[in-house]
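This note sets out, point by point, what may be read from the model under review. Please keep the coordinates open while going through the points.

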Amino acid sequence: MVIGWGTGYDPLHVTPVFLRGLEDVSRLIWNPLCVQNLTGYLVKGALTPPLEEGKKIGICVRGCDSRSLVALIQEKLLSRESLHIFGIPCRGTLDVRRLMNESGLSQIRSVTIQGDHLVVQNDEEAHRFPLERFLARRCLRCRHPNPVIYDELVYQPITPRTAPEDAYRDVEAMEARSLQERHLFWSSELDRCIRCYACRNACPLCICQDRCIAETREPRWLTQRVNLPEKFLYHFIHALHLAGRCTECGECERVCPMEIPVTLIKEKLNQITRDLLHYEAGLDPEALPPLLTYNPNEAGI
Amino acid sequence: MDQSAASGALVDSIRIIGFLCNWCSYGGADTAGVCRFKQPTDLRVVRVPCTGRVDPLFVAKPLIYGADGVLVSGCHPKDCHYAVGNLYARRRLEVLKNFLSFMGIDQRRFRYTWVSASEGQRWQQVVSEFSETIHAVGPNPLARK
């Protein structure tokens with residue numbers, strides 16, 4: 001089986017496709033609307049059948065997705081031998097929700113990419129949108145457009161758009177605010193949270209599944225009550241469980257129905273692990289995430 | 001949220017949660033008690049087998065629900081009863097310490113430290129200092145929600 005992207009219910013919406021034979025290959029597509037990180041399907045979800053002896057599973061990955069794969073291999077949740085990785089250098093994917101909101105389009109007939117524009121044809125006319133203006137936030141700060149592991153590279157590697165030192169400018173902008181402003185910001189953002197757990201479900205590294213402590217009764221960390229502290233605690237759970245592991249694929253933020261910038265929380269934790277423990281997640285399959293190990297002669301702590 | 005102007009009545013109800021490791025800091029606090037060192041009364045102690053048992057969420061949850069401070073104390077690094085528990089804890093707690101203020105929680109409300117079972121004097125000093133800090137920071141604004 002190969003997991004890739006295919007056209008969804010309209011040409012603007014892409015859906016994951018699971019290719020089971022040669023006849024399915026024509027369903028595969030690749031364009032800036034291929035927004036999903038597919039690696040989660042390898043470790044959770046009933047869609048992936050158990051592998052037969054000696055068989056491999058194919059998966060299409062962009063740069064960010066390949067880092068999720070590395071993180072999963074590091075933690076022995078996947079074995080490299082069981083995978084055949086199609087790596088795709090990616091120039092950035094679109095924030096489809098923002099595109100829909102700002103354009104108000106409906107009845108979409110076809111979508112094509114012409115140079116650096118997206119051309120959407122609906123019943124009346126063709127609309128042109130500059131790709132750059134509708135890129136997702138995660139793509140605007142992308143440092144790894146090229147897959148870090150792959151068996152086959154589909155296109156030529158490209159230059160990253162963001163230098164490593166600029167990757168955390170959103171976090172820095174937030175830190176420039178006062179403590180009280182940050183508190184008010186997160187209170188109003190997280191107050192919108194409906195605890196649908198979409199961010200957790202979309203995250204390829206949130207692998208506790210039925211044992212997630214946000215839902216277990218024993219231990220009972222959270223209740224069904226709807227109030228701000230519970231929402232805060234839920235996002236602390238999600239973020240702290242990803243500290244030093246998150247590869248910043250931005251899926252949590254993309255799937256959030258309430259448009260809460262949840263990836264920003266993980267970005268801060270990654271900035272801390274980078275500065276404090278000199279570690280960047282999802283680059284070296286042999287490395288151990290820093291919070292799963294220790295150093296007796298720690299410097300700077 | 002003017003913390004410095006907190007009234008005397010509120011300051012009196014300061015609550016600090018302490019997670020102390022069974023082998024060192026809990027013993028240290030006991031030593032301080034046996035030696036009759038005067039200590040602030042704001043601290044509520046939870047005994048844990050090792051600081052390695054302290055999930056960063058143990059710290060986050062009280063702070064989110066309105067505790068005024070959280071203190072974690074264990075064996076000195078390299079003196080852990082379980083050899084390396086506090087070394088794991090050190091990384092986790094340091095990451096958490098740097099993270100709290102990003103979410104709008106004053107990071108002075110959280111402190112971790114190392115106190116051995118014989119260091120009664122040091123324990124008195126740690127608790128007094130931390131308690132003073134929390135009184136200066138004032139009650140947790142999240143408590144009223």
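What percentage of the contacts in chain B with a separation of 6 or more do residues 24 or more positions apart account for? The share is 82%, a contact being a pair of residues whose C-beta atoms, placed from the backbone, lie within 7 Å.

1. Basis of the note. This is a predicted model, in which local features need pLDDT of at least 70, side-chain atom pairs count only at pLDDT 80 or more, and totals for chains, interfaces and linings use all residues. Residues are numbered from 1 along each chain as its sequence is written, while chains are lettered from A and ligands numbered from 1 in the order in which they are written.

2. Chain B overall. Chain B holds 5 helices and 4 strands, where helices (H or I, at least four residues) and strands (E, at least two) are DSSP runs numbered from the N terminus. The order of its elements from the N terminus is α-β-α-β-α-β-α-β-α. Chain B is as compact as a globular protein of its length, because its radius of gyration of 15 Å is close to the 15 Å that the globule rule gives for 145 residues. That radius is taken over C-alpha atoms, and the rule is 2.2 Å times the number of residues to the power 0.38. The C-alpha trace of chain B spans about 45 × 35 × 15 Å along its principal axes. Of the 145 residues in chain B, 53% are buried; a residue is buried if 20 or more other C-beta atoms lie within 10 Å of its own, exposed if 12 or fewer, and partly exposed in between, with C-beta atoms placed from the backbone.

3. The sheet of chain B. Four strands form an open sheet in the order β2-β1-β3-β4 (chain B), with parallel pairing; two strands pair if DSSP finds at least two bridges between them. At the edges are β2 (43-48) and β4 (110-114) of chain B, each of which pairs on one side only. Neighbouring strands of this sheet are turned by 20 degrees against each other on average, direction ignored. Axes here are lines fitted to C-alpha atoms, for helices over the stretch in contact, and angles run from 0 to 180 degrees between N-to-C directions. Strand β3 (residues 69-74) of chain B pairs with β4(B) in the parallel sense over 5 bridges, and B:V70 stands opposite B:F110 in β4(B). Helix α3(B) lies across β1 (16-21), β3 and β4 of chain B and runs at about 160 degrees to β3(B).

4. The contact between the chains. Chain B contributes 25 residues and chain A 28 residues. On the side of chain B that touches chain A, the elements giving two or more residues are α3 (56-64) and α4 (85-100) of chain B. The most come from α4(B), with 9 residues. By class, this side of chain B has 14 nonpolar, 3 polar and 8 charged residues. Ala, Val, Leu, Ile, Met, Phe, Trp, Tyr, Cys and Pro count as nonpolar, Asp, Glu, Lys and Arg as charged, and the others, Gly among them, as polar.

5. Chain A overall. Chain A contains 10 helices and 8 strands. Its radius of gyration of 20 Å agrees with the value near 19 Å that a compact globule of 301 residues would have. Along the principal axes, the C-alpha trace of chain A spans about 55 × 50 × 40 Å. Buried residues make up 37% of its 301 residues.

6. Strands of chain A. An open sheet of 3 strands has the order β5-β6-β7 (chain A) with antiparallel pairing, and its edge strands are β5 (108-114) and β7 (126-130) of chain A. β5(A) pairs with strand β6 (residues 117-122) of chain A over 6 bridges, and A:V111 stands opposite A:V120 in β6(A). Elsewhere, strand β3 (residues 57-61) of chain A pairs with β4(A) in the parallel sense over 5 bridges. There, A:I85 in β4(A) is the bridge partner of A:I59.

7. A helix pair in chain A. How do α6(A) and α8(A) lie relative to each other, roughly parallel or roughly perpendicular? The axes of helix α6 (residues 179-191) and helix α8 (residues 228-240) of chain A come within 9 Å and cross at roughly 95 degrees. They are therefore roughly perpendicular; angles under 35 degrees count as roughly parallel, over 145 as roughly antiparallel, 65 to 115 as roughly perpendicular and the rest as oblique. A:S187, A:L190 and A:D191 in α6(A) meet A:L228, A:K231, A:F232 and A:H235 in α8(A).

Notes:
Contact = placed C-beta atoms within 7 Å.
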